[in-house]
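Open the model in your viewer and keep the selection panel at hand. The tour goes stop by stop.

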Amino acid sequence: MAKTWEQIFELVEEVYGVHTDEEEGFFHCPECDEPIYGCDWEDVEDFTVCPICGFNFVSGEMEEEDSE
């Protein structure tokens with residue numbers, strides 16, 4: 001199920017205990033520890049997966065890469 005930026009922001013704080021910065025609009029990915037901003041995703045409606053490392057914030061697992 002697709003998640004909005006606001007839903008993911010709340011989820012990582014509640015589930016992973018990640019500090020979120022509402023004023024600056026970012027949080028650190030619980031997997032790769034990189035700062036994640038809403039603008040890191042381009043033209044998406046689902047913010048479920050870290051745009052840097054592919055960690056799925058909802059399932060708690062890494063997304064599998066497409067193999068060619």
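**Aromatic pairs.** This is a predicted model. Start with the rings of Phe, Tyr and Trp: the structure holds 8 aromatic pairs.

Select F9 and F27. Their rings pair edge-to-face, 6.0 Å from centre to centre, with 75° between the planes. Now colour by secondary structure. F9 sits in helix α1 (residues 5-16) and F27 in strand β2 (residues 26-28), so the pair ties together parts 18 residues apart in sequence.

Buried or exposed: which applies to F9? The cut-off for buried is under 20% relative accessible area. F9 has 9% relative accessibility, so F9 counts as buried. F27 is at 0%, and therefore counts as buried too.

Move on to F55 and F57. Their ring centres are 6.0 Å apart and their planes meet at 75°, so this pair is edge-to-face. Both F55 and F57 are buried.

Now widen the selection to W5, F9, Y16, F27, F47, F55 and F57. Together they form one aromatic cluster. Keep Y16 displayed for the next stop.

**N56.** Which segment holds N56? Look in the segment after β3 (35-37).

Show the side chains of N56 and E63. They make a polar contact at 2.9 Å. Then list the contacts of N56, leaving aside its neighbours within four places in sequence. What remains is Y16, T48, V49, E61 and E63. Y16 belongs to the aromatic cluster and is also in contact with N56. E63 is on the contact list and is the partner in the polar contact.

**The whole chain.** Clear the selection and zoom out. The protein has 1 helix and 3 strands. From the N terminus, the elements run α-β-β-β. The radius of gyration is 11 Å, close to the 11 Å that the globule rule gives for 68 residues, so the protein is as compact as a globular protein of that length.

Turn the view to the principal axes. The C-alpha atoms fill a box of roughly 40 × 25 × 20 Å.

Switch to the surface. The protein exposes about 5,000 Å², and carbon and sulfur atoms supply 41% of that area. Of the 68 residues, 29% are buried.

Take the contacts with a separation of 6 or more: residues 24 or more positions apart account for 34% of them.

Conventions
Residues are numbered from 1 along each chain as its sequence is written. This is a predicted model: local features need pLDDT of at least 70, side-chain atom pairs count only at pLDDT 80 or more; totals for chains, interfaces and linings use all residues. Side-chain values use heavy atoms; hydrogens and water are left out. Helices (H or I, at least four residues) and strands (E, at least two) are DSSP runs, numbered from the N terminus. A polar contact is a pair of N or O atoms within 3.5 Å; within protein, one must be able to donate a hydrogen and the other to accept it, and residues adjacent in sequence count only if both atoms are side-chain atoms. Contact means heavy atoms within 4.5 Å. Rings of Phe, Tyr and Trp (its six-membered ring) pair if their centres lie within 6.5 Å; planes under 30 degrees apart count as stacked, over 60 as edge-to-face and the rest as tilted. Buried means under 20% relative accessible area, exposed over 50%, partly exposed in between (1.4 Å probe, protein chains only). The radius of gyration is taken over C-alpha atoms; the globule rule is 2.2 Å times the number of residues to the power 0.38. Accessible areas come from the Shrake-Rupley method with a 1.4 Å probe; for residues, only the protein chains shown count as cover.
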